[in-house]
Amino acid sequence: MASATATYGQKEASDQNFDYMFKILIIGNSSVGKTSFLFRYADDSFTPAFVSTVGIDFKVKTIYRNDKRIKLQIWDTAGQERYRTITTAYYRGAMGFILMYDITNEESFNAVQDWSTQIKTYSWDNAQVLLVGNKCDMEDERVVNAERGRQLSEHLGFEFFEASAKDNINVKQTFERLVDIICEKMSESLDAGDPAVTGAKQGPQLTEQPAPPHQDCAC
C-alpha cells in the first residue's frame with residue numbers, strides 16, 4: 001500500500017490539471033461487491049473470483065461534469081470487522097460514500113444502519129451518501145426487494161440505486177450521481193464560506209493514513 005501511495009504521489013505531482021479532487025469511499029459488509037464495483041467503474045472490468053480486500057486500496061479516475069475536470073480518488077475498504085479501525089480512519093476528508101449491500105444477503109442489508117452510523121461518527125457533516133443494492137443481476141437469489149432498499153434509503157436520507165457490477169448496471173450512473181450531489185452541496189457550502197470544502201481543489205490528503213500506534217471485497 002505504501003508503494004502504491006508513493007507512486008500515486010509522484011504521478012499526482014506531475015498532473016495538477018484538474019478543477020476538483022473528490023475523495024470517495026465504498027463501504028459495506030465483506031463480499032457485497034465493493035471491489036468489483038470499483039473495478040467495473042475505473043477499468044470497465046469484472047472478475048468473478050472472490051478475493052477479500054485487505055485493509056484499504058484505491059483507484060483514480062478523472063471525469064468531466066458541468067464543464068469541470070474532476071479527479072476522483074475512490075477508496076475500496078475492507079468490510080471485515082478486524083479492519084474497521086484502519087478503514088474508519090480514512091473517513092475523514094471523504095466527500096462522498098457509496099454504502100453498499102448485497103440484495104442476496106439479508107445480513108449485509110441489516111448492517112446498513114450500522115455503516116450509516118459510522119459515516120456520521122467519523123466523517124464530516126456534509127459528506128454525501130448513496131445507498132446501493134448490488135448484484136441485481138442475481139434476481140433468482142434475491143432476498144431484499146427493491147422497495148425495502150428504497151424505504152431504508154428514505155429513512156436514512158440517502159438516494160438509492162440497485163446495481164450490478166457483473167452486468168454493468170447503474171455503476172457509472174451511481175458514481176456520476178454522487179459526484180453531482182457533491183458538486184451541488186459544495187457550491188452551496190462555498191457560497192456559505194464553509195472551509196471544509198475548500199480542500200477539494202488541493203487533492204487528497206495522503207498523509208491522513210493512521211499511524212501504527214493508533215491504529216468487498218471481491219467483493
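**View 1. Lys59 sits over the face of Phe39 in this predicted model.** The Lys59 charge lies 4.4 Å from the ring centre of Phe39. Lys61 lies over the face of Tyr41, at 5.1 Å from the ring centre. A charge counts as over a ring if NZ of Lys or CZ of Arg is within 6 Å of the ring centre and within 35 degrees of the ring normal.

**View 2. Trp75 and Tyr90 form a tilted aromatic pair.** The structure holds eight aromatic pairs (ring centres within 6.5 Å, with the six-membered ring used for Trp; planes under 30 degrees apart are stacked, over 60 edge-to-face, the rest tilted). Trp75 and Tyr90 lie 4.9 Å apart, centre to centre, with 45° between the planes. Trp75 is in strand β3 and Tyr90 in the loop between α3 and β4, so the pair ties together parts 15 residues apart in sequence. Both residues are buried (under 20% relative accessible area; exposed is over 50%, partly exposed in between; 1.4 Å probe, protein chains only).

**View 3. Helix α6 (residues 146-156) has a buried side.** Gly149, Leu152, Ser153 and Leu156 are buried. They cover an arc of only 100° around the axis (directions from the axis to the C-beta atoms), which puts them on the same side of α6. The face turned away carries exposed Glu154 and His155. Helices are DSSP runs of H or I, at least four residues; strands are E runs, at least two; both are numbered from the N terminus.

**Notes.** Residues are numbered from 1 along each chain as its sequence is written, and side-chain values use heavy atoms, without hydrogens or water. Local features need pLDDT of at least 70, and side-chain atom pairs count only at pLDDT 80 or more, while totals for chains, interfaces and linings use all residues.
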